[in-house]
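Colleague: I have not looked at this one before. Could you walk me through it?

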Amino acid sequence: MLSFLRKKHTLAADYSGILTDIHAHLIPGIDDGPKVMEESLQLIRELEALGYRRLTATPHVMSDYYPNSRDFILESHQKLVAAVKKAGIGVEIGVAAEYYMDSQFLSVIDNDQVLTLPGNQVLMEMSFVSPPPNLYHFIFRLQTKNYQPVLAHPERYLFMKKNFSEYERLKEYGVRFQLNLLSLTGHYGTPVAEMAWKLLKNKMIDYLGTDVHHLRHVEILKEALGDKRIAQTVAEYGFLNAELG
Ligand SMILES: [Fe+2]
């Protein structure tokens with residue numbers, strides 16, 4: 001009888017409302033993403049079919065494993081863009097990086113070598129085991145140079161679970177949060193999914209990212225749209241991705 005009073009929810013049929021992905025491993029042979037160009041093109045085609053209009057290649061920059069320099073990333077990105085064009089794929093491919101907070105990152109900042117997302121934003125990550133001792137030092141160094149820090153997948157740093165105020169503190173210091181869509185599906189386990197939903201509930205998330213590395217991830221993103229709670233969140237939360245233009 002009171003059904004007319006119930007709020008109607010919008011469910012996303014695809015990710016076209018998100019428009020721009022700000023976190024993806026798309027460049028072949030540069031990190032733990034696709035190994036060869038054909039794999040990259042397949043990933044990009046599938047993401048385009050899911051509704052994305054712009055993708056951002058954000059290869060890892062991590063001194064111990066992926067010491068990718070700015071020039072190497074830009075050169076590799078150019079090759080990818082050329083291959084995408086040749087393949088007749090219409091999606092735009094931007095470039096930035098996912099910086100691990102280590103000493104190489106500090107010298108990248110000091111030498112003005114940072115590859116940024118639109119709006120001078122810098123995607124960064126840290127260990128899943130413990131925070132860097134100088135976490136706020138990275139944040140201040142970036143802010144001093146007028147960069148906007150964006151923390152990749154905050155929900156995956158489970159060492160912060162015991163102390164939720166750590167998240168609040170980061171937000172107070174002006175850090176933006178990028179949630180992995182995959183986290184909502186339970187792909188990284190239940191504790192990560194729980195933290196993802198908690199951060200959403202507290203309205204602490206700014207951006208959504210796919211963080212795709214391979215086709216299996218895209219499959220999970222497809223399946224995720226069949227989950228009402230996820231489809232509703234994608235449609236209604238108001239992520240800032242769409243404002244990136
Ligand atoms: Fe990533």
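Modeller: One term before the rest: a residue is buried if 20 or more other C-beta atoms lie within 10 Å of its own, exposed if 12 or fewer, and partly exposed in between, with C-beta atoms placed from the backbone. The model is predicted: local features need pLDDT of at least 70 and side-chain atom pairs count only at pLDDT 80 or more, while totals for chains, interfaces and linings use all residues. Residues are numbered from 1 along each chain as its sequence is written.

Colleague: Which residues of helix H8 are buried?

Modeller: In H8 (residues 215-224) they are His 217, Val 218, Leu 221 and Ala 224. These cover an arc of only 115° around the axis, which puts them on the same side of H8. The arc is that of the directions from the helix axis to the C-beta atoms. Helices (H or I, at least four residues) and strands (E, at least two) are DSSP runs, numbered from the N terminus.

Colleague: And what does the face turned away from the buried side carry?

Modeller: That face of H8 has the exposed residues Arg 216, Glu 219 and Glu 223.

Colleague: What do the buried residues of H8 pack against?

Modeller: Their partners are helix H1 (37-49), helix H6 (181-184) and helix H9 (228-236). Two residues are in contact if their C-beta atoms, placed from the backbone, lie within 7 Å.

Colleague: Changing topic: in what order do the strands of the open sheet come?

Modeller: The order is E1-E2-E4, 3 strands with parallel pairing. Strand E1 (20-24) and E4 are the edge strands, each pairing on one side only. Two strands pair if DSSP finds at least two bridges between them.

Colleague: How many bridges join E2 to E4?

Modeller: There are 4 between E2 (residues 54-57) and E4, and E1 and E2 pair over 3 bridges. Leu 55 stands opposite Ile 93 in E4, and Leu 55 is also the bridge partner of Asp 21.

Colleague: Last one, about the whole protein: how many helices and strands?

Modeller: The protein has 9 helices and 9 strands. Of its 245 residues, 38% count as buried. The C-alpha atoms fill a box of roughly 65 × 45 × 30 Å, taken along the principal axes.
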